Protein chains: 2
Amino acid sequence: MLRGVLLDLAGVVYDGDTRIPGAAGAIRRLRAAGLAVRFVSNTTRSPRQTLVEQLAGFGIGVAGHELITPAAAAIAWLRLNKRTPLFVVHPKLRPEFEGLPFAGKPAVVVGDAGETFDYAVLNEAFRQLMAGADLVALANNRMFKDRDGLPSMDAGAFVAALEFASGVKATVIGKPASAFFQAALRDMGCAAPEVAMVGDDAESDVAGALSAGLGAALLVRTGKYRPGDEARFDPPPTAVVKDLAAAADWLLSDRA
Amino acid sequence: MLRGVLLDLAGVVYDGDTRIPGAAGAIRRLRAAGLAVRFVSNTTRSPRQTLVEQLAGFGIGVAGHELITPAAAAIAWLRLNKRTPLFVVHPKLRPEFEGLPFAGKPAVVVGDAGETFDYAVLNEAFRQLMAGADLVALANNRMFKDRDGLPSMDAGAFVAALEFASGVKATVIGKPASAFFQAALRDMGCAAPEVAMVGDDAESDVAGALSAGLGAALLVRTGKYRPGDEARFDPPPTAVVKDLAAAADWLLSDRA
């Protein structure tokens, strides 16, 4: 029995600065059917408050705790593991990390630093890793659909660069880490088999959710979806649908 | 019977701007013993003529053809495979590639671009790969010993980033590619088992040379060498010696 739904944001609810047609209505229908809805995003360019405001601008009201972000999960990880972070993240994300205690073994925290990735920044992180620091990846995505409609390299590429050069393996905080999906399940008070995921990334949204034990994972053909994605990763999606509106139809079809 | 020796440059003959003590004398002794000497470097920050001048400044006379560089091998590859190159290389290396025909399927050519690596440059290369370009790596090294004495990320890290994001596997031109060692053997007129390699990189110099069939590969404890390197890669070095002078002693010991 379906009790909750996890939604990716970029490529599912909006695309750049534009709401995907039918997305706001789909979210209203899911909620009206009594389903818990949470948003699990690997976006590491914007702080949580910016995302809440962006969604409000699209007519979608979301409480802060309903947004499950890698930054929040990374703060929990750094506190639990008592690490001093060195951040390689987008300047806009820095305020999320303010007030952290800085004591203990160092950890390099890598997000999608966007245009602020350059040789000097990455090399400083590399040197910290060579001196014994841990490597924490906020996200490990290969690419995202950029504002010009073309794919752009995401944080995972820079995680791969640091892993290759240093030989240090990253701990991934965001999707597809099972712990990230479980943080959303805890907030909903649902068990994994009672929840479905909807995303445009066949690897981190779909295969990640199914590996974490979720009952279903739908791949939408919006955002960065490319034909053939459904066959590229294991496990494959439960279903492939046109967009979030079609995903809501699919999820609500046995409740008619 | 030993007939020739291949020497790495950075970390073996010199370290940053400094000649490694005993290096010039060792090269003289190897040549005086009738051995063919060639230099196989993955350095992709300097054109061949700069390397010749740098070695002359250290009192080591080298003819251009005795320097086997990834740029020269890449030009041969691009001509043979009829590719239009998009270069992600150090500005100083660009003149090496002038006059190439630009026709055929595109190929992204990545070297150690140093401080010119930034998000915009890498993302343009990534987009070319997503549009179907091939990926050619001048070198695939993890790190080099920088002028401040600390390790810095080398071209291989950026090759790993592009491979991860795009899913396109790179063709490696420089060490440890067997074809690169074979280009040096052809220039010497020697068979692989008649030649020994001396390097500070247990992976690309030592394991690469032995995989290419060379008779021996010595690892020196200068340059980027770190204790334990001899056990990190397969096959392991034939011997581990203090520096190039000790390597010459080892290679010439049965000629006394």
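Predicted model: local features only at pLDDT ≥ 70, side-chain atom pairs only at ≥ 80, totals over all residues.
Colleague: How do I read a sheet, and what is the strand order in the open sheet of four strands in chain A?

Modeller: Strands of a sheet pair through backbone hydrogen bonds, either parallel or antiparallel. Helices (H or I, at least four residues) and strands (E, at least two) are DSSP runs numbered from the N terminus, and two strands pair if DSSP finds at least two bridges between them. In chain A the order is β6-β7-β8-β11, with parallel pairing. Strands β6 (84-88) and β11 (171-172) of chain A stand at the edges with a single partner strand each, so one side of each has no neighbour in the sheet. Between β6(A) and β7 (residues 106-110) of chain A, which run parallel, there are five bridges, and A:Phe87 has A:Val109 in β7(A) as its bridge partner.

Colleague: Which helix of chain A packs on the sheet and touches β6, β7, β8 and β11 of chain A?

Modeller: Contact means heavy atoms within 4.5 Å, and angles, from 0 to 180 degrees, are taken between N-to-C directions of axes, which are lines fitted to C-alpha atoms, for helices over the stretch in contact. Helix α3 (residues 70-81) of chain A touches those four strands, and its direction makes about 170 degrees with that of β7(A). Helix α4 (residues 119-130) of chain A lies across β6, β7 and β8 of chain A, at about 150 degrees to β6(A).

Colleague: How much area do chain A and chain B bury between them?

Modeller: Buried area is the accessible area (1.4 Å probe) that two parts lose on being put together, summed over both. For chain A and chain B this is about 2,700 Å², with 65% of it on carbon and sulfur atoms, and the contact takes 31 residues from chain A and 31 residues from chain B. On the chain A side, A:Tyr119, A:Met153 and A:Phe164 lose the most area to chain B, together 31% of what that side buries.

Colleague: How many salt bridges does the rule find across the interface of chain A and chain B?

Modeller: A salt bridge is a side-chain nitrogen of Lys or Arg within 4 Å of a carboxyl oxygen of Asp or Glu. The rule finds four across this interface, including the one between A:Arg127 and B:Asp148, whose closest N and O atoms are 2.7 Å apart. As for secondary structure, α4, β9 (143-145), β10 (151-153) and α5 (155-166) of chain A each give two or more residues to the side that touches chain B, and α5(A) gives the most, with eight residues.

Colleague: Where in chain A does A:Asp134 form a salt bridge with A:Lys105?

Modeller: This pair, with closest N and O atoms 3.3 Å apart, links distant parts of the chain, since A:Asp134 is in strand β8 of chain A and A:Lys105 is in the loop between β6 and β7 of chain A, 29 residues apart.

Colleague: Which peptide bond at A:Pro176 is cis?

Modeller: The bond from A:Lys175 to A:Pro176 is cis, with omega near 10 degrees, and A:Pro176 lies in the loop between β11 and α6 (178-188) of chain A.

Definitions and conventions
Residues numbered from 1 in each chain as written. Chains lettered and ligands numbered in written order. Heavy atoms only, no water.
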